[in-house]
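Subject: Structure handover: salt bridges

Hello,

Here is the structure I promised you. Please open it alongside this note; what I found follows below.

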Amino acid sequence: MAHYTFFLVLFSVYLVNELENNPVFNAGRGSVLTNRGTVEMEALIMDGSTGNCGAVSGLCTVVNPISLARLVMEKTPHIYLAFEGAEQFAKQQGVKTAASSYFITEENQDRLVHAKQANRVLLDHTASNTIKQTENHDSLNISLAPGTPIGDAGDTVGCVAVDKQGNCAAATSTGGLVNKMVGRIGDTPLVGCGTYANHLCAISATGKGEAIIKATLAREVAALVEYKQLPLTEAVDQVVKGRLGQGNGGLVAVSNAGDVAMAFNSTGMFRATVDSTGRSEVSIWH
């Protein structure tokens with residue numbers, strides 16, 4: 001069992017690494033900027049078969065936060081390391097780091113400028129051109145629906161996976177919110193909020209972190225599956241519609257039987273699935 005779990009976790013980390021390395025997404029290389037123009041990245045990995053997990057936040061030099069989260073899980077007696085302590089641990093482990101210029105892209109600098117002009121903290125996928133269009137309207141008081149693909153802005157990245165033995169794992173990585181306060185921690189690295197996995201299912205969420213935290217969104221799905229014996233799809237729909245305020249986000253989930261559920265209450269959500277036969281599906285709006 002442990003053998004299969006190891007490779008499942010390895011696969012999840014590898015997949016999220018690929019997304020972290022792509023500046024299109026709000027994670028790793030493409031992380032959005034704080035109100036000081038810096039990056040503060042966060043991530044969590046969780047092995048559903050053992051309950052083991054590792055989380056990090058406040059990272060400013062680590063190229064692949066999810067890889068460091070895995071090392072926290074495997075190499076320390078702790079679950080969560082943040083800011084200076086997490087950076088120091090990264091140095092001790094010899095993980096790949098980069099100067100701040102690696103993370104600060106022109107696109108994210110532009111988003112920050114317009115967020116500051118609008119005096120708003122904005123969701124990761126709110127593109128600057130949309131902010132410009134609405135900066136003189138009351139609608140600016142409400143951030144755009146999470147998962148809404150506008151312009152070239154990206155999303156928090158996440159992965160849920162199950163192996164042939166029914167072991168589940170979840171991994172999530174993000175840069176957070178545009179123009180967020182320095183020191184703000186979102187739902188992603190909080191076990192049971194933006195990320196969770198147990199022996200029955202795995203969940204990874206995206207959207208408005210504060211709303212996801214209040215709903216303990218990921219754990220709520222797992223609890224309905226475990227204690228009410230709801231099918232995964234029904235549990236996901238119930239939580240997204242009933243626990244998460246309209247327009248606040250969505251999630252992807254997989255069960256130990258291989259069932260996949262992806263739900264959101266926003267305009268759209270970037271998502272994709274692939275199985276062992278090679279069958280794949282990519283969706284945004286429906």
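The salt-bridge count comes to five. Keep in mind that this is a predicted model.

Start with Arg70 and Glu74. Their side chains form a salt bridge, at 3.0 Å from N to O. Both residues sit in helix H2, which spans residues 65–75. They are four residues apart, about one turn of the helix. Arg70 has a relative accessible area of 17%. That is under 20%, so Arg70 counts as buried. Glu74 comes out at 38%, so Glu74 is partly exposed.

Next, Arg219 and Glu226. This salt bridge has an N to O distance of 3.7 Å. The cut-off is 4 Å, so the pair qualifies. Arg219 is partly exposed, at 24% relative accessible area. Glu226 is partly exposed as well, with a value of 24%.

Then Asp275 and Arg279. Their side chains meet at 3.2 Å, N to O, in another salt bridge. How exposed is Arg279? Its relative accessible area is 57%. That is over 50%, so Arg279 is classed as exposed.

To recap the burial: Arg70 is buried, Arg279 is exposed, and Glu74 is partly exposed.

Best wishes

Note on methods. Residues are numbered from 1 along each chain as its sequence is written. This is a predicted model: local features need pLDDT of at least 70, side-chain atom pairs count only at pLDDT 80 or more; totals for chains, interfaces and linings use all residues. Side-chain values use heavy atoms; hydrogens and water are left out. Helices (H or I, at least four residues) and strands (E, at least two) are DSSP runs, numbered from the N terminus. Buried means under 20% relative accessible area, exposed over 50%, partly exposed in between (1.4 Å probe, protein chains only).
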